[in-house]
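Reader: I'd like to go through this one with you before I set anything up. Could you put the structure on screen?

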Amino acid sequence: MEFDKDLTARQEARELARRAETAQRKLAELSQSQLDAIVEAVAKAFAAQASALAEMAVQETGFGNAEDKRAKNLFASQRVAEAVRGMKTVGILREVPEKKLWEIGVPVGVIAAIVPSTNPTSTVCYKAMIALKSGNAIVFSPHPKAIACTRKAAQIVSEAAQGAGAPADAVACLSIPSLDGCQELMKAEPVRLILATGGPGMVKAAYSSGKPAVGVGAGNVPAIIDSSSDVALAVSSVIHSKTFDNGMVCASEQSVIVLDPIYDQVKAEFAARGCYFLKGEETDRVRKTILIDGSLNNQIVGQSAHRIGELAGIQTPETAKILIGEVDSVEPSEEFAHEKLSPVLAMYRAKDFDDALDKADRLVADGGYGHTASIYLN
């Protein structure tokens with residue numbers, strides 16, 4: 001009989017959700033100190049594998065670079081552990097006797113977690129830690145481009161959690177990359193909450209599942225550089241953000257909007273720091289490389305500026321940090337006005353501060369309200 005991948009994926013999703021439900025009942029019996037010990041064990045084990053997981057993610061997906069992915073893995077383990085250390089999440093959280101009020105933390109149950117290819121290992125760690133911290137079981141759905149590294153991350157978390165007293169199946173991961181399996185997991189009866197990180201389609205599916213969902217999808221971050229700003233600091237900050245993991249963090253800048261009096265100064269600062277300004281036909285070539293049939297070209301995601309130049313058929317220095325296109329339109333018809341998830345940046349000139357705000361507002365609206373914007377000023 002021919003193997004039906006989608007049917008098998010749906011069956012696996014239902015089975016893992018059922019087993020996670022059994023595990024969650026046992027988790028719910030643990031004290032806050034026991035849950036905290038599990039979280040600390042997960043953080044320690046994951047941090048120890050931060051470099052190996054980073055290398056694995058880059059090799060499997062072809063996105064970003066291992067050094068920055070290692071930093072993300074360490075942040076998602078060590079820094080998240082620091083942030084929740086000492087926090088009460090289950091049992092009596094607060095008592096207000098004069099109001100006869102008690103705040104009580106209760107687990108929600110089984111959490112379904114969607115993992116993106118752009119952050120395929122760090123996402124596993126922090127979602128597992130916040131789930132376990134609050135007495136919840138979690139089942140991950142990996143992206144097809146990152147299934148091996150996501151499953152390895154989930155395995156590390158699961159083994160560490162069990163070693164510290166968590167029940168088996170409290171942390172699980174789908175093994176078959178299938179949209180049907182992912183959707184079945186979100187719809188599974190034991191699932192009480194969805195944590196969705198990924199593209200707009202996946203986040204929309206989570207919000208349309210009928211279950212409570214917390215999701216973050218595409219952004220389109222504008223950064224205004226005001227005339228009063230410290231230009232060197234602003235430019236340095238944008239470059240650091242835009243080049244980190246080759247621009248794949250969805251909160252990194254997609255456009256800079258520069259006030260007219262300092263436009264030339266800002267442009268010179270970007271150029272002095274190794275950014276490449278596209279000229280004439282080069283801008284059009286990169287423009288046509290950003291989107292394919294109205295969607296972000298997957299070939300540029302997480303690639304170096306030089307590699308994107310090659311894809312566009314232009315000559316750029318191998319050391320180029322960012323490709324910058326000087327454009328005017330903030331409408332969706334302008335490819336540079338979209339999220340690019342790569343070291344490609346749009347640069348706009350604003351005649352005054354109100355004009356800068358108007359441009360930023362439109363860019364945020366194009367990407368979807370509720371994400372990120374920034375401003376540099378004194």
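Reader: What share of the contacts in the protein chain with a separation of 6 or more comes from residues 24 or more positions apart?
Author: In this model, which is predicted, residues 24 or more positions apart account for 73% of the contacts with a separation of 6 or more.

Reader: And how many helices and strands does the protein chain have?
Author: There are 13 helices in the protein chain, along with 15 strands.

Reader: What about the radius of gyration?
Author: The protein chain has a value of 23 Å, which agrees with the figure near 21 Å that a compact globule of 378 residues would have. Along the principal axes, the C-alpha atoms fill a box of roughly 70 × 65 × 40 Å.

Reader: Turning to the interior, how much of the chain is buried?
Author: Buried residues make up 52% of the 378 residues.

Reader: Which residues touch the most other members of the largest nonpolar core?
Author: That core has 38 residues, and those touching the most other members are L27, M129, L132, I138 and F140. A second, separate core holds 26 residues, including I224, L291, V327 and A360.

Reader: Staying with L27, what is it in contact with beyond its neighbours within four places in sequence?
Author: Among the contacts of L27 are L35, I38, L132, A137, A166, P167 and A170, and G135 and N136 also belong to the list.

Reader: Changing topic, how many positive and negative side chains are there?
Author: The protein chain carries 40 positive and 47 negative side chains, with the centres of the two sets 6 Å apart.

Reader: And the accessible surface?
Author: The accessible surface comes to about 17100 Å², and carbon and sulfur atoms account for 51% of that surface.

Note on methods: Residues numbered from 1 in each chain as written. Predicted model: local features only at pLDDT ≥ 70, side-chain atom pairs only at ≥ 80, totals over all residues. Heavy atoms only, no water. Helix = DSSP H or I, 4+ residues; strand = E, 2+ residues; numbered from the N terminus. Rg over C-alpha atoms; globule rule 2.2 N^0.38 Å. Buried < 20%, exposed > 50% of the residue type's maximum accessible area, 1.4 Å probe, protein only. Contact = heavy atoms within 4.5 Å. Areas by Shrake-Rupley, 256 points an atom, 1.4 Å probe, with all protein chains shown as cover. Lys, Arg positive; Asp, Glu negative; His and termini not counted. Charge placed at Lys NZ, Arg CZ, Asp CG, Glu CD. Core = buried A, V, L, I, M, F, W, Y, C linked by side-chain atoms within 4.5 Å.
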